[in-house]
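We will go strand by strand.

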Amino acid sequence: MSRFSVPSCPSRIFLTWFLALVASGAAHAATPYLICEVASPTLWPPNHTFVDIGLDVRYVDSCGCVRRLNGNQFDVAITQDEPLDDIGDGHFEPDACLEVDACGCYHLHVRAERQGPAWNKDDTGPKTTGAGDGRVYLIVVTRTVAGVQYRCCATVTVAHSQNKDAKASVAAQAQAAKAACERDGTMLEYDSEGDGPCVVAKQ
Ligand SMILES: [Ca+2]
Ligand SMILES: [Ca+2]
């Protein structure tokens, strides 16, 4: 006599339901994704110093397991919506610097600065080539797993001033930049890392 017998009807129903449940779960395995967060999404005052923005990158796999990534486990690009060196922004370059320390921990430093006012004090005409409406830094992190590239986006802003309208304006710019990045990887106009050496000090 076989050790295994055909299940009774209620048991067969349960077995069918269980197998269907397992199959359903396999078919709906979640798509992996990246999470990017910064501890300092807004910088003030605009004193041209580098600030470690506390970039935190996590990878969520198809099982929902969350892993914090070290700096050697992803690529990062940082761009901004203002030139690196223009009128009224202190003439410091580069404006971002990514360091990976001996322990593999990463530190993304961003310069706390933005362009000066868009108009001369007597309102006789434009003073800068930019709008002077606050600076947005866009951080784009990518990671490739089994030939598939995943992306996440975060922003850091430096408002033109601390009044309500200036802060709302730069927040709206950041929101739009993040949405475009998440949609199709769109970056901002200027490469924050520029061509200069990565030195975490005011130059
Ligand atoms: Ca600069
Ligand atoms: Ca801007």
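Here are the stops, with what to look for at each.

This is a predicted model, in which local features need pLDDT of at least 70, side-chain atom pairs count only at pLDDT 80 or more, and totals for chains, interfaces and linings use all residues. For your selections, residues are numbered from 1 along each chain as its sequence is written, while chains are lettered from A and ligands numbered from 1 in the order in which they are written.

Start by selecting residues 106-111, which make up strand 7. Strands here are DSSP runs (E, at least two residues), numbered from the N terminus. Five of the six residues in strand 7 are buried, meaning that 20 or more other C-beta atoms, placed from the backbone, lie within 10 Å of a residue's own.

Two strands count as paired if DSSP finds at least two bridges between them. Zoom in on Leu98, whose bridge partner in strand 7 is Leu108. In the hairpin of these two strands, five residues lie between them, and Gly104 has a positive phi near 90 degrees.

Now select residues 50-52, strand 2, which pairs antiparallel with strand 7 over three bridges. Phe50 has Arg111 as its bridge partner there.

Finally, move to the open antiparallel sheet of three strands, ordered 1-3-4. Strand 1 (33-38) and strand 4 (66-68) each have a single partner strand, so one side of each lacks a neighbour in the sheet. Select strand 3 (residues 55-60), which pairs with strand 4 over three bridges, and find Tyr59 opposite Arg67 in strand 4.

Note on methods
A residue is buried if 20 or more other C-beta atoms lie within 10 Å of its own, exposed if 12 or fewer, and partly exposed in between; C-beta atoms are placed from the backbone. Helices (H or I, at least four residues) and strands (E, at least two) are DSSP runs, numbered from the N terminus.
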